[in-house]
Amino acid sequence: MSELAPEKLVIAISSRALFNLDAEHLVYKEQGLEAYSEYQIEHEDTPLDPGQAFNLAKKLLALNDVLSEPLGVEIVLLSRNSADTGLRIFNSIEHYGLPITRAAFCGGEAPWRYIQAFGCHLFLSSESADVRKALENDVAAATLVSKPVDDSASSTIRFAFDGDAVLFSDEAEKVYKSEGLEAFTASEKAHRNEPLMGGPFKSFLSALHVLQRALPEETQLIRTALVTARSAPTHERVIRTLRAWEIRLDESIFLGGLPKVEFLKAYDADVFFDDQQTHCELAAAHIATGHVPHGVANES
């Protein structure tokens, strides 16, 4: 059975993911906190440039124009800034007209502690340590590793997910890593009727699916795709797993080990989530890309 979805889809985004704070972060790294604070206050009326997650956040918030209460999307800002230095961030939010009203400014402390208190279902950040902590606390999370990309002309939001260790657990990937492709294929054929356990993004996908069904069908404002290195015959277990979860994906692309980036570009993905660092690095120049540091591929 599919999981019950919340009334609102709540996504936490760090300030460095929502806006481009590279120059400001360099001031902090090279000159220290006091210089950084002075810089932010001096420039607090200068809007920050959009960051990696800006366009995704903008498109998600626009869904509220067509969704009926109590369903909707809320973006929560989480920041290591203090409220004093964070004023520039809220001024930038106002400048771009983003309806973001909730935030936690943590004064140098890790903001992931407030993810569950806000009821968040996804956390996007540029700080990998915070992302790992969120994943350890059963919240879907990804480290954004791309550069800001141009805003898509389409109002449709296209999510692309890797399968193993992202949507699904890494149980099958462990077989592949330890015993090779032949053993992996044999194991998946033998267990084709047994649904895979859920991975860190299962709950987020479930909530997204409910939101998708609430939207007018003709608009297709949300589309989802599985982009996986799997191929036949290991596709069957994946299909049966999603069927058991009562979750429908709009597209499923089984690549059999082919590079993913050209397919992601053809799909016109707004954001792509993968546990493999190499896949993320290849996609990062073209698509907002989130590395999910979970599973056997990310063990030391």
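Modeller: Helices here are DSSP runs of H or I, at least four residues, numbered from the N terminus. The model is predicted. His25 lies in helix 2, residues 22-31.

Colleague: Why is His25 called partly exposed?

Modeller: Its relative accessibility is 24%. Buried means under 20% and exposed over 50%, so His25 falls in between. The C-alpha atoms of His25 and Tyr36 are 7.7 Å apart, with the two residues eleven apart along the chain.

Colleague: What makes Tyr36 buried rather than exposed?

Modeller: Tyr36 has a relative accessible area of 9%. The limit for buried is under 20%, therefore Tyr36 counts as buried. Tyr28, at 39%, is partly exposed.

Colleague: How many aromatic pairs does the whole structure hold?

Modeller: The search finds 14. One of them is Tyr28 with Tyr36.

Colleague: Why is the pair of Tyr28 and Tyr36 called edge-to-face?

Modeller: The centres are 6.1 Å apart, and pairing needs them within 6.5 Å. The planes stand at 75 degrees, and over 60 counts as edge-to-face, so the label holds.

Colleague: What makes Phe159 and Phe161 a stacked pair?

Modeller: Their planes are 10 degrees apart, and under 30 counts as stacked. The centre-to-centre distance is 6.2 Å. Both Phe159 and Phe161 are buried. Ring pairs also link Phe159 and Phe161 with Phe201, Phe204 and Phe273 into a cluster.

Colleague: How do you know that the charged end of Arg158 sits over the ring of Tyr267?

Modeller: The charged end of Arg158 is 5.5 Å from the ring centre of Tyr267.

Key:
Residues numbered from 1 in each chain as written. Predicted model: local features only at pLDDT ≥ 70, side-chain atom pairs only at ≥ 80, totals over all residues. Heavy atoms only, no water. Helix = DSSP H or I, 4+ residues; strand = E, 2+ residues; numbered from the N terminus. Buried < 20%, exposed > 50% of the residue type's maximum accessible area, 1.4 Å probe, protein only. Phe/Tyr/Trp six-rings, centres within 6.5 Å; stacked < 30°, edge-to-face > 60°. Lys NZ or Arg CZ within 6 Å of the ring centre and 35° of its normal.
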